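Look at the structure first, then read on.

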Amino acid sequence: MAETKLSPAKGDKLVLGGHAFSSRLLVGTGKYATFDLMVEALEASGCEVVTVALRRVDLDARKRGEKNLLDYLDTSKYTILPNTAGCFNKEDAIRVCRLARELEIGDMVKLEVLSEQKTLLPDPIETLEAAKVLVKEGFTVLAYTSDDPIMARKLEDAGAAAVMPLGSPIGSGLGILNPNNIAIILEQANVPIIVDAGVGTASDVCVAMELGVEGVLLNTGIAGAKDPVSMARAMRQACEAGRLAH
Amino acid sequence: MRLRVNGRDEEYPDVKTAADLLSALDVMRERVAVMVNGDVVRRALLAETPLHEGDTVEVITMVGGG
């Protein structure tokens with residue numbers, strides 16, 4: 001088992017961008033059947049950080065009086081982590097982060113620049129170039145990337161506050177496909193490593209935490225489960241179990 | 001004046017600034033970020049950002065995502 005250079009902080013908190021979190025599970029707000037279910041699942045997961053995407057306000061829906069995410073998500077209870085989902089080049093990702101900054105929810109962003117819609121695999125070049133610009137502009141960049149240890153190191157060198165290698169492609173539920181690569185990434189890392197994407201079920205979370213990652217980010221694994229609230233609860237326990245076992 | 005807001009061309013009488021537009025759209029300032037002609041508008045400057053005929057405005061908010 002690879003040893004991580006990071007020693008647990010006092011009280012064993014996940015430290016990101018100057019914030020200390022007790023929960024090492026970061027959960028997405030997308031793909032739930034209903035907003036009420038999302039609220040219940042997030043609560044059951046015990047998470048403190050939730051991701052959101054940025055999109056145009058649906059002006060027609062507003063006219064119809066339809067509710068949206070912010071009518072349900074308690075933004076005082078959670079740390080909101082905006083992502084750059086839907087961006088396929090660095091310019092768009094940078095623009096989305098600058099927009100996110102004007103929401104005044106903090107400077108932490110999940111940088112995600114995908115290469116294509118079909119596989120949803122990250123574009124390493126665009127991601128790295130966007131990271132360099134965003135770090136210079138003062139963002140706390142949590143960089144989503146492949147499980148390539150070289151890219152992980154380059155992102156860290158570029159100033160990413162955390163590097164987030166995928167376990168497997170977004171939404172695939174294939175779990176941690178290459179634990180050896182994750183172990184190599186951990187061995188060389190001087191910033192928190194958070195597995196993000198591909199987590200399918202509770203054991204995947206436990207496996208990731210046992211490897212020594214600082215946290216796990218997931219969305220489909222909970223939102224797409226038959227019983228999201230139970231899965232959220234299971235993943236919370238799996239996250240704690242994996243951390244203790246490590 | 002005529003503005004393209006979130007991809008749609010509409011007439012907005014009584015709108016002079018980005019802040020006016022948000023009021024006209026009945027959108028809460030705290031929930032959105034705004035771009036005018038591709039430039040991100042600082043929230044503190046919404047009321048001082050003038051809009052002109054034919055401007056393209058994007059009003060962006062948080063939605064579900066992973």
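## Terms and model

Angles under 35 degrees count as roughly parallel, over 145 as roughly antiparallel, 65 to 115 as roughly perpendicular and the rest as oblique. Axes are lines fitted to C-alpha atoms, for helices over the stretch in contact, and angles run from 0 to 180 degrees between N-to-C directions. Helices (H or I, at least four residues) and strands (E, at least two) are DSSP runs, numbered from the N terminus.

This is a predicted model, where local features need pLDDT of at least 70, side-chain atom pairs count only at pLDDT 80 or more, and totals for chains, interfaces and linings use all residues. Residues are numbered from 1 along each chain as its sequence is written, chains are lettered from A and ligands numbered from 1 in the order in which they are written, and side-chain values use heavy atoms, leaving out hydrogens and water.

In chain A, helix α4 covers residues 124-136 and helix α5 covers residues 149-157. Their axes come within 9 Å and cross at roughly 15°. α4(A) and α5(A) are therefore roughly parallel to each other. From α4(A), A:Pro124, A:Thr127, A:Leu128 and A:Ala131 touch A:Met151, A:Lys154 and A:Leu155 of α5(A) (contact means heavy atoms within 4.5 Å). The residues of this contact are 5 nonpolar, 1 polar and 1 charged.

The buried residues of α4(A) include A:Thr127, A:Leu128 and A:Ala131. Buried means under 20% relative accessible area, exposed over 50%, partly exposed in between (1.4 Å probe, protein chains only). Their cover includes α3 (90-101), β6 (108-111), β7 (140-145) and α5 of chain A.

## Helix α5 beside α6

α5(A) also packs against helix α6 (residues 179-188) of chain A, at an angle of about 30° with the axes 9 Å apart. So α5(A) and α6(A) are roughly parallel to each other. A:Pro149, A:Ala152, A:Arg153 and A:Glu156 of α5(A) meet A:Asn181, A:Ile184, A:Ile185 and A:Gln188 of α6(A).

Helix α9 of chain A runs over residues 228-245. Among its buried residues are A:Pro228, A:Met231 and A:Arg243. The buried residues of α9(A) pack against β3, α1, α7 (202-211), β10 (215-218) and α8 (220-223) of chain A.

Where is A:Ala33 found? A:Ala33 lies in the loop between β3 (25-28) and α1 (35-45) of chain A. At 70% relative accessibility, A:Ala33 counts as exposed.

Notes: Ala, Val, Leu, Ile, Met, Phe, Trp, Tyr, Cys and Pro count as nonpolar, Asp, Glu, Lys and Arg as charged, and the others, Gly among them, as polar. The expected span of a helix is 1.5 Å times one less than its number of residues.
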